[in-house]
Amino acid sequence: MAFRSLSAEFDDDEVAGESMVQKLVAFGLARSTAQRLVGLPHVTPDMVTRWLRYCNLRGPDSLHNTNAFLIIRLNRNDFPPPSWGALRRLERRLRRSSSECCCQ
């Protein structure tokens, strides 16, 4: 029975890893780069989701190339991903500034 639980856990990890790879490839990273990043021990599904959300919010107006920025953030483990609250505040601020630009 313990063998089955370990096998099921391995399958769940494999599915989560493939899901992260698919998200990163959809964002624009090469599949081999996405697989390498997902294989790092500190990269989690939540971390990938939050950094992708941040990069999507910042978009092409960012000072950094978003793909390079995402690779650096996931590759290093020196800066935590933004919290969900910070992402919501950024989204509100960007929405507010875009509506102000439209009104002027």
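What follows is a short tour of the fold, the ring pairs, the salt bridges and a charged patch.

This is a predicted model, where local features need pLDDT of at least 70, side-chain atom pairs count only at pLDDT 80 or more, and totals for chains, interfaces and linings use all residues. Residues are numbered from 1 along each chain as its sequence is written, and side-chain values use heavy atoms, with hydrogens and water left out.

**The overall fold**

- The chain has five helices and zero strands, where helices (H or I, at least four residues) and strands (E, at least two) are DSSP runs numbered from the N terminus.
- Reading along the sequence, you get the pattern α-α-α-α-α.
- Of the chain's 104 residues, 27% count as buried; buried means under 20% relative accessible area, exposed means over 50%, and partly exposed is in between (1.4 Å probe, protein chains only).

**The aromatic rings**

- Four aromatic pairs turn up in the whole structure; rings of Phe, Tyr and Trp (its six-membered ring) pair if their centres lie within 6.5 Å, and planes under 30 degrees apart count as stacked, over 60 as edge-to-face and the rest as tilted.
- One of these pairs is Trp51 with Phe69: the ring centres are 5.8 Å apart and the planes sit at 75°, so this pair is edge-to-face.
- Trp51 belongs to helix 3 (residues 45–58) and Phe69 to helix 4 (residues 66–75), so their pairing ties together parts that are 18 residues apart in sequence.
- Trp51 also pairs with Phe79, with centres 6.3 Å apart and planes at 35°, so that pair is tilted.
- Here the link runs between distant parts of the chain, from Trp51 in helix 3 to Phe79 in the loop between helix 4 and helix 5, 28 residues apart.
- Trp51 counts as buried because its relative accessibility is 1%, while Phe79 is partly exposed at 48%.
- Put together, ring pairs join Trp51, Tyr54, Phe69 and Phe79 into a cluster.

**The salt bridges**

- The structure holds six salt bridges, each being a side-chain nitrogen of Lys or Arg within 4 Å of a carboxyl oxygen of Asp or Glu.
- Among them is Asp46 with Arg50, whose closest N and O atoms are 2.9 Å apart.
- Asp46 and Arg50 are four residues apart in helix 3, so about one helical turn separates them.
- Asp46 is partly exposed at 36% relative accessibility, whereas Arg50 is buried at 17%.
- Arg53 bridges to Glu91, with the closest N and O atoms 2.8 Å apart.
- Since Arg53 lies in helix 3 and Glu91 in helix 5, this bridge ties together parts 38 residues apart in sequence.
- Glu91 also bridges to Arg95, with the closest N and O atoms 3.7 Å apart; both lie in helix 5, four residues apart, about one turn of the helix.
- Through shared partners, Arg53, Glu91 and Arg95 make one network.
- Arg95 counts as exposed at 51% relative accessibility, while Arg53 is partly exposed at 31% and Glu91 is partly exposed at 27%.

**The positive patch**

- Arg88, Arg89, Arg92, Arg93 and Arg96 form a positive surface patch; patches are made of residues with over 30% relative accessible area and no salt bridge, with like charges joined within 9 Å and nonpolar side chains (Val, Leu, Ile, Met, Phe, Trp, Tyr) within 5 Å.
- Arg88 sits in helix 5 (residues 84–103) and is partly exposed at 48% relative accessibility.
- Arg88 and Leu57 are 31 residues apart in sequence and 9.9 Å apart in space, C-alpha to C-alpha.

Key: Areas by Shrake-Rupley, 256 points an atom, 1.4 Å probe, with all protein chains shown as cover. Lys, Arg positive; Asp, Glu negative; His and termini not counted. Charge placed at Lys NZ, Arg CZ, Asp CG, Glu CD.
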